[in-house]
Amino acid sequence: MAGFTTQTILLLLCAVFSTVALVLAVFAMINYRKLYREYDYFMRGRDAGSLEELILSEKDAIMDLQEEDRVNKGNANAMARALRSCFQKSGMVHYDAFDGMGGRMSFALALLDEKNTGFVFNCMHAREGCFMYVKEVTEGTTETPLGKEEKEALERALGYIKD
């Protein structure tokens, strides 16, 4: 830097700073115009009173949605509680109760709830009539002995036997 005087160095530094300041000012102006266009579009046709009304109506709509959401959650919980006591699992076995005389019209049907409690319904069809039996199931077991078809229907309902 032997050939440059102090004044020349200061002049070059001022020129560099001025160029940087000019670039920053142009960048700021571009961003300002973009922001102003967005603000103008948002405010077009509105004043402070209409904006307040808009905000208050949106607040009311949000509060209505929150209340509706609370009611829907309560309904969903009530349905979930009711569903626990409904029959959710089933198993059915068709069979011929009297070896060729019934035409496979007899069946055993097991219906269980969430806790594997329910009943096994056995309908035996014969020429003379139809005989029906119901055996209670508590947590997957019965106190009454089950026939072969009834046991298979219960196992299907419990998921031990897949179709």
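Colleague: What separates Asp-69 from Lys-73 in helix H2?

Modeller: Asp-69 and Lys-73 are 4 residues apart in helix H2, so about one helical turn lies between them. Helices here are DSSP runs of H or I with at least four residues, and strands are runs of E with at least two, both numbered from the N terminus. The model is predicted, so local features need pLDDT of at least 70 and side-chain atom pairs count only at pLDDT 80 or more, while totals for chains, interfaces and linings use all residues. Residues are numbered from 1 along each chain as its sequence is written, and side-chain values use heavy atoms, with hydrogens and water left out.

Colleague: Why is the contact between Asp-69 and Lys-73 called a salt bridge?

Modeller: The term requires a side-chain nitrogen of Lys or Arg within 4 Å of a carboxyl oxygen of Asp or Glu; the closest N and O atoms of Asp-69 and Lys-73 are 3.3 Å apart, and the pair therefore qualifies. By this rule the count comes to 5 salt bridges, among them one between Glu-67 and Arg-70 at 2.5 Å, N to O. Glu-67 and Arg-70 are 3 residues apart in helix H2 (residues 48-84), again separated by about one helical turn.

Colleague: Where do Glu-150 and Lys-135 meet, and are they buried or exposed?

Modeller: Their side chains form a salt bridge at 2.9 Å, N to O. The pair links distant parts of the chain, with Glu-150 in helix H3 (residues 148-158) and Lys-135 in strand S4 (residues 130-137), 15 residues apart. Both Glu-150 and Lys-135 are buried.

Colleague: How do you know that strand S1 and S2 pair?

Modeller: Pairing needs at least two bridges found by DSSP; strand S1 (residues 89-95) and S2 have 7 in the antiparallel sense, so they pair. One of the details is that Met-92 has Leu-109 in S2 as its bridge partner. S2 is also joined to strand S3 (residues 118-125) by 6 bridges, running antiparallel, and Ala-108 has Asn-122 in S3 as its partner.

Colleague: Which way do the side chains of S2 point?

Modeller: In a regular strand the side chains alternate between the two faces of the sheet. Ser-106, Ala-108, Ala-110 and Leu-112 point one way from S2, and Phe-107, Leu-109 and Leu-111 the other way, and all are buried.

Colleague: Why is the Tyr-32 and Tyr-36 pair called stacked?

Modeller: Rings of Phe, Tyr and Trp (its six-membered ring) pair if their centres lie within 6.5 Å, and planes under 30 degrees apart count as stacked, over 60 as edge-to-face and the rest as tilted. A search of the whole structure finds 3 aromatic pairs. Tyr-32 and Tyr-36 lie 6.3 Å centre to centre with 25° between the planes, so the pair is stacked. Tyr-32 is exposed at 53% relative accessible area, and Tyr-36 is partly exposed at 46%.

Colleague: What makes the pair of Phe-107 and Phe-121 tilted?

Modeller: Their ring centres are 6.0 Å apart and their planes stand at 45°, so the pair is tilted. Phe-107 in strand S2 and Phe-121 in strand S3 are 14 residues apart, linking distant parts of the chain.

Terms used:
Buried means under 20% relative accessible area, exposed over 50%, partly exposed in between (1.4 Å probe, protein chains only).
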